[in-house]
Amino acid sequence: MNPEEVSEYNREQRSSFQTIRHACHMLSPSVKEELLASLDPYLKFRREVDAFQEEYFTSICRPACFETRLSACCGFESIFMFFADEVITFLVSTPWEISRLFDVLQRPNKTTHCVYLGAEGCLWKVRPISCAMFFCDEAKKTLFERVPEAEQLWLDFQGREKTFTRPTQKILFDDLEAFFIGLKADSPHMYYHKSPGLLRLKAQSGLNGTPRVRPSK
Ligand code: SF4
Ligand code: SF4
């Protein structure tokens with residue numbers, strides 16, 4: 001690909017955020033408030049994951065990746081994310097934080113890192129769940145040898161992650177997609193409504209995708 005061109009990945013990301021912005025403009029303040037309130041349990045979970053990372057992983061990651069500026073976790077030009085990840089970070093970000101996302105997406109990514117990696121770290125207010133729940137095998141091995149009880153804490157977090165993202169039950173990530181589909185939004189990242197694997201899992205679990213919060217004028 002021509003390094004001067006904006007990649008298809010960036011264009012898709014930008015289009016998805018534009019879709020969210022457009023749909024959010026149609027929401028009444030009370031519906032927006034209800035939508036934001038529906039994020040509370042997830043945001044609490046994410047604060048706890050961040051605190052866990054800070055307490056247990058920072059001392060391992062700092063010398064391995066931060067001080068060396070390796071940022072191996074963010075060393076891919078494109079990363080996987082759900083539409084709900086985009087919705088959540090959009091809803092909790094300030095206009096300035098959102099404009100930073102649009103700015104980087106309209107430029108060619110001339111780095112070998114994730115397009116969202118800025119000088120101070122990730123530009124997302126709430127990082128995609130796949131990023132927040134990823135630690136390399138080497139870091140986990142070091143931590144679990146050093147602090148064995150951290151392994152069970154980590155397993156508990158992985159279990160809680162599924163209550164938001166695994167559609168064998170009613171989950172926030174599927175609900176958010178359904179809510180925006182109700183607003184006529186569309187994105188290739190709506191995997192809970194487009195991925196054959198996830199659709200099969202939902203069908204096997206008897207889910208019909210009814211949103212928790214319904215759009216209204
Ligand atoms: S989205 Fe953020 S945390 Fe995830 S890879 Fe990109 S810069 Fe890193
Ligand atoms: S988890 Fe591993 S790759 Fe990621 S920042 Fe820590 S040491 Fe680096």
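## A walk through the helices

T58 is found in helix α3, where helices (H or I, at least four residues) are DSSP runs numbered from the N terminus. Before going further, please note that this is a predicted model, in which local features need pLDDT of at least 70 and side-chain atom pairs count only at pLDDT 80 or more, while totals for chains, interfaces and linings use all residues. Residues are numbered from 1 along each chain as its sequence is written, and side-chain values use heavy atoms, with hydrogens and water left out.

T58 counts as buried because its relative accessibility is 12% (buried means under 20% relative accessible area, with a 1.4 Å probe and protein chains only). Not counting residues up to four places away in sequence, T58 touches Q53 and P63; contact here means heavy atoms within 4.5 Å.

Two helix pairs can be set side by side. Their axes are lines fitted to C-alpha atoms over the stretch in contact, and the angles run from 0 to 180 degrees between N-to-C directions.

| Helix pair | Axes come within | Crossing angle |
|---|---|---|
| α3 (residues 40-66) and α8 (residues 149-165) | 11 Å | roughly 155 degrees |
| α1 (residues 8-25) and α5 (residues 95-105) | 9 Å | roughly 150 degrees |

The angle makes α1 roughly antiparallel to α5, a term for angles over 145 degrees. Helices α3 and α8 are likewise roughly antiparallel to each other.

Which residues of α3 meet α8? They are P41, Y42, F45, E48, V49, F52 and Y56, and their partners in α8 are A150, L153, W154, F157, R160, E161 and F164. By type, the residues of this contact between α3 and α8 are 11 nonpolar, no polar and three charged. For this count, Ala, Val, Leu, Ile, Met, Phe, Trp, Tyr, Cys and Pro are nonpolar, Asp, Glu, Lys and Arg are charged, and the others, Gly among them, are polar.

In the other pair, N10, Q13, R14, F17, Q18 and R21 of α1 meet L101, F102, V104 and L105 of α5. The residues of the contact of α1 with α5 comprise five nonpolar, three polar and two charged.

Finally, the largest nonpolar core has 61 residues, of which F17, Y42, I88, Y116, L143, F173 and F180 touch the most other members. Helix α3 gives the most to this core, with nine residues. Such a core is a set of buried Ala, Val, Leu, Ile, Met, Phe, Trp, Tyr and Cys residues joined through side-chain atoms within 4.5 Å. Leaving aside neighbours within four places in sequence, Y116 has contacts that include Y9, F17, L101 and W124.

Notes:
Chains lettered and ligands numbered in written order. Helix = DSSP H or I, 4+ residues; strand = E, 2+ residues; numbered from the N terminus. Parallel < 35°, antiparallel > 145°, perpendicular 65-115°, else oblique. Buried < 20%, exposed > 50% of the residue type's maximum accessible area, 1.4 Å probe, protein only.
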